[in-house]
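Student: I would like to learn how to read a few features from a set of coordinates. Can we take them one at a time?

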Amino acid sequence: MRTVDAIIAHMQMHAGISAALNLPQGLTWYDVLNLAGETFVNRHSWTWLEDANASVAAIQGDAEIPLPRDFVSLTNCRARNSSSQVVRLVTHARIEELRSNEDLTGTSGFWYVCFDAGIVQNSPAGAPIPKAIVWPEPTVNGDPTLRIVYQRGWYPVLPTDGAYVPKIGAWCAAAFLQHCEITAWEKVHNKESSRRAEYERVLSEAIARDEERVENVGQVGDKRCDRDEDYLINEWIPNP
């Protein structure tokens with residue numbers, strides 16, 4: 001897979017040299033790439049979007065923990081720091097109840113964390129930053145630090161991400177690039193591309209290959225669940 005800057009150059013070439021700069025007012029080439037990426041990852045339940053992992057750390061005095069830009073939903077979570085507290089995964093409603101409840105009997109010794117609140121904070125540069133909510137409010141940077149496994153989506157790119165390489169399954173790269181080409185052409189020319197039918201054929205082949213991988217390794221399934229009450233994720237796990 002190519003870098004962001006290389007993909008954008010590719011898109012501009014296929015949009016037509018004379019028309020390559022004629023985007024609708026206020027739209028950048030990074031916007032066009034993000035549009036193409038979002039629509040591509042949402043066309044199918046791609047296997048390469050499953051089981052991404054990252055470490056996320058609390059910030060002193062901040063009740064929100066920044067998550068990866070491509071975070072969609074949580075699969076698993078473990079504590080990976082020096083805290084002796086147990087982590088409980090809870091709903092947003094439970095966090096608000098804890099914040100407003102004066103009677104907190106039985107809550108000590110726990111970190112309560114919500115990954116399902118759907119909170120998105122826009123940075124000054126415009127990138128959406130998903131957040132988890134933690135209670136009580138952290139008093140030390142990095143406590144808690146959580147190792148998460150999650151389902152990811154498209155990683156929104158910024159002008160500072162030119163060297164970033166989008167994480168696309170190798171068997172889908174050709175379909176993705178063709179989708180980027182068509183999206184760019186349509187944005188510049190403001191009409192549907194004659195290559196849409198060809199792209200749908202290439203996309204169908206990529207989906208078929210992806211589904212073969214699911215059959216070979218077993219059905220992944222949807223690991224996200226609705227919760228009315230909190231439950232224990234794990235006991236504290238010290239660093240090796």
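Student: How many disulfides does the count come to here?

Tutor: A disulfide is a pair of cysteine sulfur atoms within 2.5 Å. In this predicted model, the count by that rule comes to 0 disulfides.

Student: Are Cys 77 and Cys 114 buried or exposed?

Tutor: Buried means under 20% relative accessible area. Cys 77 has a relative accessible area of 2%, so this residue is buried. Cys 114 counts as buried because its relative accessibility is 0%.

Student: Where does Arg 152 lie, and which side chain of opposite charge is nearest?

Tutor: A salt bridge needs a side-chain nitrogen of Lys or Arg within 4 Å of a carboxyl oxygen of Asp or Glu. Arg 152 lies in strand β8, residues 145-152. Arg 152 is buried and has no salt bridge; Asp 70, the nearest side chain of opposite charge, is 4.3 Å away.

Student: Which backbone oxygens does the side chain of Arg 152 reach?

Tutor: The side chain of Arg 152 reaches the backbone oxygen of Trp 48 at 2.9 Å, and that of Lys 167 at 2.9 Å. Leaving aside neighbours within four places in sequence, the residues in contact with Arg 152 include Leu 49, Ala 52 and Val 72.

Student: Why does Asn 34 count as buried, and what does this residue touch?

Tutor: Asn 34 is found in helix α2, residues 29-41. Its relative accessible area is 15%, so Asn 34 is buried. Not counting residues up to four places away in sequence, Asn 34 touches Trp 154, Tyr 155, Pro 156 and Val 157.

Key. Residues are numbered from 1 along each chain as its sequence is written. This is a predicted model: local features need pLDDT of at least 70, side-chain atom pairs count only at pLDDT 80 or more; totals for chains, interfaces and linings use all residues. Side-chain values use heavy atoms; hydrogens and water are left out. Buried means under 20% relative accessible area, exposed over 50%, partly exposed in between (1.4 Å probe, protein chains only). Helices (H or I, at least four residues) and strands (E, at least two) are DSSP runs, numbered from the N terminus. Lys and Arg count as positive and Asp and Glu as negative; His and the chain ends are not counted. A polar contact is a pair of N or O atoms within 3.5 Å; within protein, one must be able to donate a hydrogen and the other to accept it, and residues adjacent in sequence count only if both atoms are side-chain atoms. Contact means heavy atoms within 4.5 Å.
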